[in-house]
Amino acid sequence: MTLHLYDTYSRSLRPFDPIAPGQAGLYACGPTVYDYAHIGNLRTYLFVDGLRRALEFNGLRVRHVMNITDVGHLTSDADSGDDKIEARSARSGKSAWDIAAEFTRAFEGDLRQLNILPPTVWCRATDHIAEQIAFILDLEAKGYTYRTDDGIYFDTTRQDSYGKLARLNRDGLQAGKRVDLGEKRDICDFALWKFSGVPGQRQMEWDSPWGLGFPGWHIECSAMAEKHLGSYFDIHCGGEDHVAVHHSNEIAQTEARHGTRLANFWLHGAFLKTQDAKMSKSSGDFLRLHSLVEQGVDPLAYRYLCLGAHYRSSLNFTDEALRAAASGLARLRSTVHGLGAADGEADPAWHERFMSCINDDLNYPRALAVAWELLKSEMPDAVKKATMARFDTVLGLDLLAWQPAQVEVPQQVQAWMAERAAARAQRQWAEADRLRALARAAGYEIDDTPQGQRARPL
């Protein structure tokens, strides 16, 4: 069966046909490492991980590239304000380089806790300054740039197609603009290279043909994607907030240089919301994965929560929803563990049902429902276990690695369990229920599993 993905560029569900048979090039916009990632950011990386796992589930070899933005992302997300990392450095007293390294490590730790596969290539903007300068020089030679007092800008009026990804209404933007453009010629124009100003004022700056400065935010992704995947590759993805500006500008740059839209597919994940408002650092609504762990939440419970909503649908985060996800994950783990050894063969029919959900634009909520249907079915336990093992290569919940916590059951409770086993063997159900009630009153629940009775604290 064929994988279908929703392409933002064409606004359509399209069959995925890789450019090179048997492999897929995937570029994902990574974090700007001036602060910790919040769980809204991490929902986007869970979506990317689900996409990569789906591609591999379809037998493709994936070259997954993720950038680290460690320079050039200004506080306005456009062309004004301070560089986010330099601003954090000024507040903290740490160097910009140390800030970037610290929050890169924290981000990588978050990915590990969520069982997100590491990219094939990590690429940092500061390691690709030469590529970005070469890209801008090419744009300059083709007549797409102009100079202002504060930098080198891309002239979007040269492209009739500018903003197609976001379906931008340029006339409407011009009529409704409420900002001082300075020396920018058009509201949509954007910086390729920013000048440093006073020499030594910035920590991160480089010599260039235009003077001392640093690259703009958008040029880094176009340059690094091209270096590691080519000027036209399979999939570029990120959060829905990148559609109107960042990704539109990436496309404009690559169209100007190479005549391509950079990627065949553009995929975007929806926001995580709290109280129906977008979660963001700037709003102060900032909840880290570490905060959940400190509250005793398993990070994979958050992954399970995100699996329950389609990546193109916004997800409202509440404590109640997280508790329900943690409970669902606990039941799933316990059920799969109780199936015994994984010594069977996966069932082809159930595999096909599951794969049809994954290949329907990454419909993980429906795929998860299929997994639960399988577990409640009459299939032999060994087949269920082997089939769930295959499903979990895509779900990413590490189900087979999970082991129940070792509980020291008091001797009295163990004695009641032994008496209860004997009562059940003699079909003395009332006595078995009485003994179970005694254990419950003592703070332990007795569960009946295929492997026998198991006591757990209430």
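This is a predicted model: local features need pLDDT of at least 70, side-chain atom pairs count only at pLDDT 80 or more; totals for chains, interfaces and linings use all residues.
Rings of Phe, Tyr and Trp (its six-membered ring) count as a pair when their centres lie within 6.5 Å; planes under 30 degrees apart are called stacked, over 60 edge-to-face, and the rest tilted. By that rule the structure holds 13 aromatic pairs. The rings of Tyr 36 and Phe 103 form one of them: their centres are 4.8 Å apart and their planes stand at 90 degrees, so this pair is edge-to-face. It links distant parts of the chain, 67 residues apart, with Tyr 36 in the loop between β3 (23-28) and α1 (39-57) and Phe 103 in helix α3 (residues 96-113). Helices (H or I, at least four residues) and strands (E, at least two) are DSSP runs numbered from the N terminus.

Tyr 36, at 24% relative accessibility, counts as partly exposed, while Phe 103, at 2%, counts as buried.

Now compare another pair. The rings of Phe 354 and Phe 391 have their centres 3.9 Å apart and their planes at 5 degrees, so they are stacked. Phe 354 belongs to helix α11 (residues 348-358) and Phe 391 to helix α13 (residues 381-395), so the pair ties together parts that are 37 residues apart in sequence. Phe 354 is buried at 0% relative accessibility, and Phe 391 is buried at 0% as well.

Rings can also meet charges. A charge sits over a ring if NZ of Lys or CZ of Arg is within 6 Å of the ring centre and within 35 degrees of the ring normal. The charged end of Arg 158 sits over the ring of Tyr 144, 4.3 Å from its centre; that of Arg 185 sits over the ring of Tyr 146, at 4.0 Å.

Next, step back to the whole protein. There are 15 helices and 16 strands, and buried residues make up 53% of the 458 residues. The C-alpha trace spans about 90 × 50 × 40 Å along its principal axes. Residues are numbered from 1 along each chain as its sequence is written. Local features need pLDDT of at least 70 and side-chain atom pairs 80 or more, while totals for chains, interfaces and linings use all residues, and side-chain values use heavy atoms, without hydrogens and water.

Which residues does UniProt place under "binding site"? The unreviewed entry gives Cys 29, Cys 221, His 246 and Glu 250, though such annotations may be inferred rather than shown by experiment. They span 222 residues in sequence, yet no two of their C-alpha atoms are more than 11.1 Å apart, so they gather at one spot. Of these, Cys 221 is found in helix α6 (residues 217-229) and, at 1% relative accessibility, counts as buried.

Notes. Buried means under 20% relative accessible area, exposed over 50%, partly exposed in between (1.4 Å probe, protein chains only).
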